[in-house]
Amino acid sequence: MTQYIIRRLLYSLPLLMGVNILTFVLFFVVNSPDDMARMQLGQKHVTGQSIANWKQQHGYDMPLLWNSDREGTKKVTDTIFYQKSVGLFLFRFGVSDSGRNIGADIKERAWPSLAVALPTLLIGLLVNICFALMMVLFRNSYLEHGGIVLCVILMSISSLFYIIGGQFFIGKVLRLVPISGYDDGLAALKFLILPVLIGVFSGIGSGVRWYRTLFLEEVEKDYVRTARAKGLSETQTLFQHVLPNAMIPILTGVVVVLPLLFMGSLIMESFFSIPGLGNYTIDAINMQDFAIVRAMVFLGSVLYVIGLLLTDISYTLVDPRVRLS
Amino acid sequence: MNNPILAVRHLSVTFNHRQTVVDDISFDIHAGETFALVGESGSGKSMTALSVLRLLPNNARLNADAIDLQGDNLLNHSEFELCKIRGRRIGFIFQDPMSSLNPVMTIGSQIEEVIKLHFDLPREALKQRVLELLQQVEIPDRQQRIKDYPHQLSGGQRQRVMIAIALAGKPDLLIADEPTTSLDVTIQAQILALLKNIQQQTGMALWLISHDLALVSTMADRVAVMQRGKIVETGATAEFFSQPKHPYTRKLLNALPLMQSCLTHTAKEKPPLLRVSDFYCYYPIRKGIFKRIVDFVRAVDGVSFDIQQGKTLALVGESGCGKTTLGKSLLNLIPGSGRVVINGVELNALTGEALRRQRANIQIVFQDPFSSMNPRMLVGDIIAEGIRALHPEVNPDQRKTRVRELLQQVDLPEDSALRYPHEFSGGQRQRICIARALAVDPKLIICDEPTSALDVSVQAQIIQLLKSLQQEKGVSYLFITHDLAVVAEIADDVAVMYRGKIIEQGSVVEVLTQPKQAYTKKLLAAVPVLKMEH
Amino acid sequence: MVVLWTDALIYLLIAVILALGLYLRGKEHIQRPLQQIGRSKIGMVSLVVLLFFVLIGLLDSVHFKPADDKKNEIISLLDDWATPLREHGEKTYSAPFATTLYSKEMMTMADGSMQWGYPRLEFGGKHLNNPETEKIPDILQKTAYGLVQGLGLTGAFMLLWYLVRQTHFERLNFIVRPELVAQGQVVPEARHGEQFNPSAKAVWVVLFIIVPLATALIHLSAYYHVFGTDKVGEDVFYQAVKSIRTGLVIGTLTTLIMLPMAIIFGILAGFFRGWVDDVIQYIYTTLNSIPSVLLIAASILMVQVYMANHEAAFTSVIVRADMRLLFLCMILGVTSWTGLCRLLRAETLKLREMEYVQAAQALGVKQGTILVRHILPNVMHIVLISVVLDFSSLVLAEAVLSYINIGVDPTSYSWGNMINGARLEMAREPIVWWSLSAAFVFMFALVLAANLFADVVQNAFDPRRSGNE
């Protein structure tokens, strides 16, 4: 087990290297730092001097990969690639283009993101499983057919409309909760209700459908017939045999996204003005702050790799058949 | 005779309102007897059993005058009331113990579940009862086993657990649906003995459902034969096997491969076609952070044998002994090492194009007639594939003629070439596979359990076809099988494989009548032999 | 005629579909599921709706420079057709069927005095003298006229269809499957199926709804702004219709771009295993590990920088918007091929152990031939299912991406841009609801049809599901 985890961690290094190289190519090779400077400083009336200043300020005044002016190892280390990527691997994200410390920002903003994303995920999971189980219990009835049609309809509505509709009816017409905003501590609760509710609701269509197929797949299996031959009723079979088996793919599917919850949801947070990482990213995209976007890309992939590892470990916990080696 | 435990009257089962799988059948099962329902696949025997407990799939419709369990008509019971009968008064054993047990529950709790459902026992007594049941089905290390999951047990033990579950409700009737079909022949014998034993202890009735006439003849008191949803003949076992009345029954009995048939073989030495010496097939086991190779799975562990021209060598062994691996690695489908010489050409020295050219010499026919043909290709193209690959110079017209000849040789209609594999039955598909192998004029055909997925009557036809093709073309066979009766029918020589090694080989008469190794003796003893009073 | 990049790819896509159709014609394994789709009412109805959208999208994909135009503008057939709509811009917001602007302003009256009130629209309801009394009867009359026009059109089409089919049917069937007709088993059966096809009626019903609705809308839009106007006074109906092409392009071209990658990599990884598999798995895990929104954002940022620095290459607004659309498709393709690739790899791993593949190896069939003849046809159902399933999610994704400014160019028409522009107006009193509603209705219709169709396709082609039908 420990050996397996160590091996997986070693495997993830080349993966993160790959991510790093990819982002490097995207950010520095497709467009030179000069292009970026020109973009940031405005298109017209840019002097060579101001570009050089901007580059020096942001640490882009080095060659990309190989610095032939320096001696020894400095030939490698005094380059944009080395400077910008080594920091990422040590989780030193540096300073954003607007001069703020990215690491501190991330630490501060991860919690509001989590406060929205985690309840959404957990409540959504519960609701989806309940509805899916109900549809499987009443399979081949009008209830199920109606449910399937409803799911497809819910799936066909863009999440933007759920948010706009929710804000409009619950926030504006009924005035039950504030439309948007955020507060520290417990006061945040009233701001969280609406985004969580909408997040859960917008996921119902696809979620219920997906879980229903998982359950149906299990229901067809032989051991379910054995359970019924033992004398268990339909409901008992469903809860005692089908559910535990179907939970294996469901749980492991949830585990892989758990770390990514820190990253928050981009649209949710921007619509509800929640000061999380999703909002942070959107702002960075709109302000074209490359340093932040690069840091978020790296952070996202680290969290994904952790998610993959957690998934493998969770398999051994919930499925007695799987052993890591 | 006393009142029957189970009396079924005019039972019919239809699928999707169209397809009738069980067609108006009636039968009785009496207390303490073993009743066997025999039939080929698709005859509706399993559906009959499932319909008694209303466990049919959703798209099936049941229709009957009465299903009386000790005078109590089950049709009058609601689903809820039926739950109290399932598992309690009727126990059920399914064919495949691996898929029929819940993979994420310990076997202890799976047995416990039934007891809790039907009896009100305190915790201690409950655990005691589980251990008692495991003892009854003769599972060793019971205290540890109850914490195990199904995948940690062997196939035989899993089926024992299935039986324990079925016995847990102390049923009056035990339905066993092909209880040993997925098991090796030695395990099969143990399970059958166990069932017989338990039946004697408890005095319950046993309803055995099987396709295997020989097995039924050793187990049953009464036999009923099903054909296409109807029971065509019922009778006491002794009479049934000595004086079968219905033509279908007689056909079935005649199709059975007989162990005695090997006695008529004449041994005539011929020059060897294939020489295999010191052949190995190892899979590495990797461990540790860097996946170092720490050990090997010795699937084939140094075997040597010859096959003579125009003769058949049967490779016999139980599942997992490495016989299929050996067959595939002779074809270079799986890497192996050792000397393989066919017709004077050393195969393992060849690679790339040269190897591809030599492929024509050895061909293979697989076990499963459903996965061995590309469902997206016409039968004509499937048969012609080898010709196209190895003889690109043959023009399309010649190829068509050749395909027609081949279809004729395997007794299939000529228009089969323009049809798709799914339009054919299992036996017909196996004929197509044989035609595909024959297309490149091989010297040797490896037959990997070619008949074990087929019904008895079809199996006999395929064996007959293989034999006549051998006489016609002088082709040799390496016949891989677990079924000793089939070996007796077709083989000239036999090699017995056990754990990757060939432990005994010789002519078929020698091995089957005077086995030297203990394992071979055990194998032979386990084969159910048709009890016939001549 | 001007061929934009996305136009060219759309033509290529049509050519590929036609070629595939020709190749697969008469292959039985594809015929059976197709017949199953043909029998499904939901499937055929949603297909008709989809085709309707596709038709509009295609009309919008034939671009040219009008001869009499001096502005060096590129327009499409659809634009040409909808010239009045395109040019009848108002000053700012106006509600659907309104005859006045949404907000009050100072107006100069006929007598020269100034007055604070709702000014009449320049084009919407211009023909009415007294809007308050004449408007509703006029709308009803014009709707009725449009509906009758549409009904007549569909009726005529239906009549023509049955006449043609009556005379040509037997000949047609004979050409398609001569070998089956020769066996004497197909003609009566097919005929039976054709005449009693349960979905034919449903299709006609839908046609009788859609076509009159469309003609009524077209007829009305010549006189009114049926979905109102937006902030700069542009007709919302026109915007919504123009957005169809954007949605379709994203939904289809993305797939076209990612398919070759996914299929080739997936099959190679699964078939050859070993280091090929390792490399391909490494590539897709790396791509997968970057959150896709961020990858898209980063790529779009770079494209923006690139375009900003190479302005000379993008002469007109429409070319520029088109390039950005194409880039977006490519980026979406790069981020979405991994899912299908993984599925195909897993399936190929399974297939290569199938006995028919081993039999082919034993027969000395070359590996390339095995891939093409045995593996590829047997994974195509997965490709097809994932293509139709991806379509709707891509259309939905476009809206979200445009909302966070990393979608299509802000100047191009798309539902995402419509929503993005309209959401700020939610706070207004009375609320400006029409842009959102129009985007919602069009998007919902397209995505729902696509989802329903995807379901039917999946049922028909998935071997695990087809058993219980």
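Here's a short walk through a sheet, a helix and a chain contact.

First, some housekeeping: this is a predicted model, with local features needing pLDDT of at least 70, side-chain atom pairs counting only at pLDDT 80 or more, and totals for chains, interfaces and linings using all residues. Residues are numbered from 1 along each chain as its sequence is written, while chains are lettered from A and ligands numbered from 1 in the order in which they are written.

**The sheet.** In chain B, find the open, mixed sheet of 6 strands, ordered β17-β18-β19-β14-β20-β21 (strands are DSSP runs of E, at least two residues, and helices runs of H or I, at least four, numbered from the N terminus; strands pair if DSSP finds at least two bridges between them). β17 (362-365) and β21 (501-507) are the edges, each with a single partner strand, so one side of each has no neighbour in the sheet. Now pick β18 (444-448) and β19 (476-481) of chain B: they pair in the parallel sense over 5 bridges. Ile446(B) sits opposite Leu478(B) in β19(B).

**The helix.** Next, select α4(B): Ile107(B) and His118(B) are among its buried residues (buried takes 20 or more other C-beta atoms within 10 Å of a residue's own, with C-beta atoms placed from the backbone).

**The contact.** Finally, show chains B and C: 23 residues of chain B and 18 residues of chain C take part (contact means C-beta atoms, placed from the backbone, within 7 Å). On the chain C side, α14(C) gives the most, with 7 residues.

Notes:
Contact = placed C-beta atoms within 7 Å. Buried ≥ 20, exposed ≤ 12 C-beta atoms within 10 Å, placed from the backbone.
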